[in-house]
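User: I would like to learn how to read helix packing from a model. Please take me through some cases.

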Number of protein chains: 4
Amino acid sequence: MSNIAGYRDDDYIRGKAPMTKREIRILTISLLGIKPGDAVVDIGAGTGGITMEAAYAAAPGIVFAVEAKEAALELVAKNKEHFHADNVEIIKGKAPEALSQITRDVDRVIIGGSGGKIEGLLIWCKERIRSGGRVIANFVTLENAAQATTLMNHYFENVELIQVGISRGEGIGGLTMLKASNPIFIITGDVVK
Amino acid sequence: MSNIAGYRDDDYIRGKAPMTKREIRILTISLLGIKPGDAVVDIGAGTGGITMEAAYAAAPGIVFAVEAKEAALELVAKNKEHFHADNVEIIKGKAPEALSQITRDVDRVIIGGSGGKIEGLLIWCKERIRSGGRVIANFVTLENAAQATTLMNHYFENVELIQVGISRGEGIGGLTMLKASNPIFIITGDVVK
Amino acid sequence: MSNIAGYRDDDYIRGKAPMTKREIRILTISLLGIKPGDAVVDIGAGTGGITMEAAYAAAPGIVFAVEAKEAALELVAKNKEHFHADNVEIIKGKAPEALSQITRDVDRVIIGGSGGKIEGLLIWCKERIRSGGRVIANFVTLENAAQATTLMNHYFENVELIQVGISRGEGIGGLTMLKASNPIFIITGDVVK
Amino acid sequence: MSNIAGYRDDDYIRGKAPMTKREIRILTISLLGIKPGDAVVDIGAGTGGITMEAAYAAAPGIVFAVEAKEAALELVAKNKEHFHADNVEIIKGKAPEALSQITRDVDRVIIGGSGGKIEGLLIWCKERIRSGGRVIANFVTLENAAQATTLMNHYFENVELIQVGISRGEGIGGLTMLKASNPIFIITGDVVK
């Protein structure tokens with residue numbers, strides 16, 4: 001029940017860091033099930049790829065984009081302007097500490113980067129996500145995916161994990177070469193209180 | 001700009017035939033970019049997995065679900081009722097012949113099964129999709145994916161192919177085993193007139 | 001520098017349990033680098049799929065096949081006879097306890113099943129694999145792969161991990177459908193003393 | 001029944017062009033089933049990655065390395081020297097025309113690059129591979145894989161296709177990120193006369 005903008009990778013203002021790919025953005029928002037009016041937190045916003053999709057899906061609700069790195073914060077701000085995502089509130093700082101700046105309960109949380117503090121993030125999610133809400137976490141490393149799966153099974157309900165591998169056709173002399181993106185682990189869990 | 005219902009596999013009334021998996025349904029609707037009010041054709045509706053997502057995304061528009069097999073037609077009808085998808089019109093018959101029953105122009109076409117007649121389907125798409133519309137085709141076989149890529153590059157604009165591989169975590173003794181779904185080729189093309 | 005028999009899946013006498021697929025067997029033996037004359041331990045021999053390839057590669061050396069389950073032990077014995085793998089010595093029992101039955105140093109160890117006791121297995125490997133030897137571990141679960149990676153980095157040198165996904169073409173009406181096997185994590189480490 | 005050298009990617013002298021990865025080299029030689037004494041043709045030798053493994057497996061047999069590009073020919077020559085692969089004979093020119101320089105029957109053929117002339121290559125294989133021999137072809141493009149599958153089913157027996165996706169663990173801050181290599185199609189066929 002999510003409104004998907006389906007922005008293309010090229011639609012974004014991008015820096016040097018790799019950005020979450022379009023298909024992963026779509027799956028993240030859809031599996032998280034963001035609804036219009038939701039309050040969403042995007043932890044580790046990076047370039048703002050998922051943030052902008054979340055802002056579209058949550059409108060007229062709010063998206064808190066939490067990010068610590070200066071260069072990334074700048075990109076999120078630029079993309080916020082570029083996509084007219086007025087419902088994005090940028091929060092500077094490292095999670096979980098920076099999450100104290102969010103003084104209200106929320107509906108959905110996206111964990112795009114954990115900075116090695118997964119459990120602290122999940123405890124915050126457990127406390128501040130309303131019953132019926134959901135958390136989704138994307139990981140590129142094996143250890144974080146494994147640890148988060150264990151922890152999420154402890155803190156949340158209906159935990160599900162998928163690993164997604166996307167290869168993209170690239171034209172080469174009239175033929176279609178398959179170029180692989182790095183596989184991503186996506187884990188979801190429901191908050192039931 | 002698509003409304004994604006995000007139905008779960010278990011939400012459907014299913015037969016013995018394998019059904020398009022949830023993530024593929026989400027990506028198909030999102031990459032196709034169905035908008036509210038669109039007229040959509042779903043060729044080779046099968047169980048109706050994608051049909052129901054398309055119906056949600058296109059409402060109040062219409063979805064024509066084209067299917068030849070009796071058992072599949074029955075499942076589509078049951079799922080139409082189950083999901084209250086009143087905007088689904090079931091068309092019995094083999095495409096491309098059965099497409100003559102659709103007497104209006106459409107916005108989006110989903111090709112879920114070609115019955116070996118890809119070019120006939122694409123020619124129909126070229127004629128009956130409005131300018132600005134889009135076609136998406138999902139394939140499980142190498143040859144159909146390759147042939148469709150070549151043909152779609154001939155008939156449409158901005159043709160893109162991805163191959164999607166999803167593995168799903170399955171709990172086994174407190175651990176998470178990765179179970180692979182078969183890879184799917186997804187090809188999109190724009191109609192520009 | 002390994003002799004690969006390249007046995008086909010159908011060459012084996014098989015039970016109901018899934019067997020390590022041919023490509024994974026080949027990669028396991030080749031990446032482990034079994035040489036003629038090596039003493040090899042195959043922990044969690046299962047059907048004996050990898051055991052038979054290891055026996056071929058290690059000849060005239062020996063392969064200790066460690067397995068706890070009665071049904072699996074029977075299959076290993078049958079395959080030993082079927083493949084004339086006289087250099088396979090079957091050891092009944094659970095690792096790491098059962099490894100005490102191996103009273104000599106060895107060159108290579110294959111961990112095909114950990115029974116949740118990875119560290120105990122790796123400590124045994126560290127003690128009993130000669131300098132210059134190597135250990136390889138195959139996992140189907142995320143948590144075991146992550147844990148083993150961490151532990152192997154602690155106990156061994158040059159630790160490398162790959163995840164292998166194989167899809168097999170299956171003829172269907174003159175076309176080639178891709179059928180995915182479950183992804184396997186393969187981790188190797190060198191013993192340097 | 002193949003001797004696998006198992007050379008590492010770093011063992012090779014490499015140019016700017018991407019080289020067939022280690023796991024694909026191992027699978028190619030093993031699935032082709034090169035035996036000591038075999039006469040092997042490696043069409044589209046590129047850097048010589050597979051050539052060197054083939055030379056190890058075929059010794060004391062011969063490997064004809066066919067390559068048209070000057071830069072690649074130089075790399076093959078350098079790797080031939082580096083690996084002491086005296087049983088490699090370099091043939092300059094485009095296949096299938098250049099294959100006329102091979103005046104003897106052969107046992108195994110590796111097609112690493114087709115230059116768009118797959119059928120010509122396969123006809124040569126059909127004529128010059130001895131009964132009991134085998135051909136293997138590796139492709140990165142969808143269209144070549146599909147076309148080769150169709151043609152190989154026409155010319156050869158027991159045609160099999162796999163698609164191989166390898167992700168490699170890369171250390172990043174004490175964690176293991178999965179980096180995907182592009183998927184490769186590997187097709188084998190037997191020559192029965």
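Analyst: Start with the angle and the distance between axes. In this predicted model, helix α1 (residues 22-32) of chain A packs against helix α2 (residues 49-58) of chain A at an angle of about 40°, and their axes are 10 Å apart. The pair α1(A) and α2(A) is therefore oblique, since angles under 35 degrees count as roughly parallel.

User: What is the handedness of the crossing where α1(A) passes α2(A)?

Analyst: The crossing of α1(A) past α2(A) is right-handed.

User: Which residues of α1(A) and α2(A) meet?

Analyst: On the α1(A) side they are A:Arg25, A:Thr28 and A:Ile29, and they meet A:Gly49, A:Ile50, A:Glu53, A:Ala54 and A:Ala57 of α2(A). By class, the contact of α1(A) with α2(A) holds four nonpolar, two polar and two charged residues.

User: At what angle do helix α4 (residues 118-128) of chain B and helix α5 (residues 142-155) of chain B cross?

Analyst: The axes of α4(B) and α5(B) cross at roughly 30° and come within 10 Å. An angle under 35 degrees counts as roughly parallel, so α4(B) and α5(B) are roughly parallel to each other. The crossing in which α4(B) passes α5(B) is right-handed.

User: Which residues make the contact of α4(B) and α5(B)?

Analyst: From α4(B) come B:Ile118, B:Glu119, B:Leu122 and B:Lys126, while α5(B) supplies B:Asn144, B:Gln147, B:Ala148, B:Leu151, B:Met152 and B:Tyr155. Sorted by class, the contact of α4(B) with α5(B) has six nonpolar, two polar and two charged residues.

Definitions and conventions
Residues numbered from 1 in each chain as written. Chains lettered and ligands numbered in written order. Predicted model: local features only at pLDDT ≥ 70, side-chain atom pairs only at ≥ 80, totals over all residues. Axes fitted to C-alpha atoms, helices over the stretch in contact; angles between N-to-C directions. Helix = DSSP H or I, 4+ residues; strand = E, 2+ residues; numbered from the N terminus. Parallel < 35°, antiparallel > 145°, perpendicular 65-115°, else oblique. Left-handed = near helix turned anticlockwise from the far one by under 90°. Contact = placed C-beta atoms within 7 Å. Nonpolar A, V, L, I, M, F, W, Y, C, P; charged D, E, K, R; others polar.
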